[in-house]
Amino acid sequence: MIVLVGGEKGGTGKTTIATNLAAKRALAGRDVLLIDTDPQGSANYWAQSRDESEAKPRRVACVQKFGKGLQAEVQDLARRYEDIVIDAGGRDSIELRAALVVANKAYIPIQPSQFDIWTLDRMDELVSSAHGFNPDLKAWVVISRVSTNPSVHESQDAQEILADFSNLALSGVAIHDRIAYRKAARDGLCVDELKPKDVKASEEIEALYVEVFDGR
Ligand SMILES: Nc1ncnc2c1ncn2[C@@H]1O[C@H](COP(=O)(O)OP(=O)(O)OP(=O)(O)O)[C@@H](O)[C@H]1O
Ligand SMILES: [Mg+2]
């Protein structure tokens with residue numbers, strides 16, 4: 001399966017989610033490739049830290065790809081890997097558009113503070129134009145970096161707002177702001193591999209993983 005974790009907004013947790021999904025896929029014994037299309041190279045850097053980790057976690061292959069050729073390259077790589085997770089973002093990014101054309105599923109992390117009509121409108125449009133080439137593409141918005149403070153209900157109305165967008169569904173999972181994600185990122189790990197483990201982080205990523213990979 002080709003999964004895109006993408007979106008135009010910065011800092012929404014794209015790389016965090018992409019690396020966690022890729023690591024969990026590798027831990028499940030799948031042959032997975034992580035594709036980093038961001039010139040900042042944070043996913044690639046994560047994969048390098050993973051290779052250097054003393055804990056010797058299962059390796060996640062990662063390549064950096066930029067530019068228009070991405071579409072053809074992903075199609076080629078999809079023949080060699082069981083799963084591909086693409087980390088793509090940035091405003092008007094060629095890579096984001098190309099990835100939408102080849103992905104089976106797109107997950108778009110949005111922070112509650114950026115959960116506005118403008119952001120959703122743009123993503124809805126991008127998915128809609130990708131549908132011209134990739135009619136089977138399905139796209140979900142995943143609310144990310146949600147405050148763990150129970151008095152904050154920022155993402156409650158999300159379902160209602162999303163009902164107005166024909167190309168976007170709401171993921172059944174919300175990813176909360178937890179230190180575990182930052183710690184795991186630093187060491188090239190996924191939250192499941194942290195010791196001690198943050199059970200809540202592991203549980204929500206597992207729920208997202210099951211949703212993304214259809215429980216397989
Ligand atoms: N759920 C989370 N809980 C805590 N920290 C998080 C979470 N998600 C992301 N972060 C932190 O927020 C910052 C931005 O996250 P990340 O790099 O995953 O976002 P991004 O969308 O890939 O950003 P960019 O647009 O720069 O590529 C990082 O420092 C990351 O560790
Ligand atoms: Mg990133």
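This is a predicted model: local features need pLDDT of at least 70, side-chain atom pairs count only at pLDDT 80 or more; totals for chains, interfaces and linings use all residues.
Where is Pro196 found?

Residues are numbered from 1 along each chain as its sequence is written, chains are lettered from A and ligands numbered from 1 in the order in which they are written, and side-chain values use heavy atoms, with hydrogens and water left out.

Back to the proline. Pro196 sits in the loop between helix 7 (179-186) and helix 8 (199-212). Helices here are DSSP runs of H or I with at least four residues, strands are runs of E with at least two, and both are numbered from the N terminus. The peptide bond leading from Lys195 into Pro196 is cis, with omega near -5°.

Lys56 has phi near 50°, a positive value in a residue other than glycine. You will find Lys56 in the loop between helix 2 and strand 3 (61-64), and with a relative accessible area of 69% it is exposed. Arg145 also has a positive phi, near 60°, and again this is a residue other than glycine. Arg145 belongs to the loop between strand 6 (138-143) and helix 6 (158-162), and its relative accessibility of 35% makes it partly exposed. For the record, buried means under 20% relative accessible area, exposed means over 50%, and partly exposed is in between, using a 1.4 Å probe and protein chains only.

Now please turn to helix 4, residues 94-102. How many of its nine residues are buried? Seven of them are, so helix 4 is largely enclosed by the rest of the structure. The buried ones are Glu95, Leu96, Ala98, Ala99, Leu100, Val101 and Val102. They pack against strand 1, helix 3 (70-77), strand 4 (83-89), strand 5 (105-110) and helix 5.

At the N-terminal end, Ser93 caps helix 4, with a side-chain oxygen 3.2 Å from the backbone nitrogen of Glu95.

Let's take two of those neighbours in turn, starting with helix 5, residues 117-131. Helix 4 and helix 5 pack at about 50°, with axes 9 Å apart. That makes helix 4 oblique to helix 5. The axes are lines fitted to C-alpha atoms, for helices over the stretch in contact, and the angles run from 0 to 180 degrees between N-to-C directions. Under 35 degrees counts as roughly parallel, over 145 as roughly antiparallel, 65 to 115 as roughly perpendicular, and the rest as oblique. The crossing of helix 4 and helix 5 is right-handed, meaning that the near helix is turned clockwise from the far one by less than a right angle.

Leu96, Arg97, Leu100 and Val101 of helix 4 meet Arg122, Leu126, Val127 and Ala130 of helix 5. By class, that contact has six nonpolar residues, no polar ones and two charged. Here nonpolar covers Ala, Val, Leu, Ile, Met, Phe, Trp, Tyr, Cys and Pro, charged covers Asp, Glu, Lys and Arg, and the others, Gly among them, are polar.

On to helix 3. Its axis and that of helix 4 come within 8 Å and cross at roughly 40°, and the two helices are therefore oblique to each other. This crossing is right-handed. Leu70, Gln71, Val74 and Gln75 of helix 3 make the contact with Glu95, Ala98, Ala99, Val101 and Val102 of helix 4. Sorted by class, the contact of helix 3 with helix 4 has six nonpolar, two polar and one charged residues.

My last stop is Glu8, in the loop between strand 1 (2-7) and helix 1 (14-27). Is Glu8 buried or exposed? At 11% relative accessibility, Glu8 counts as buried.

Leaving aside residues up to four places away in sequence, Glu8 touches Gly90, Arg91, Asp92, Leu96, Arg122, Met123 and Leu126, where contact means heavy atoms within 4.5 Å. Among these, Leu96 of helix 4 and Arg122 and Leu126 of helix 5 also take part in the helix contact I described.

Notes:
A polar contact is a pair of N or O atoms within 3.5 Å; within protein, one must be able to donate a hydrogen and the other to accept it, and residues adjacent in sequence count only if both atoms are side-chain atoms.
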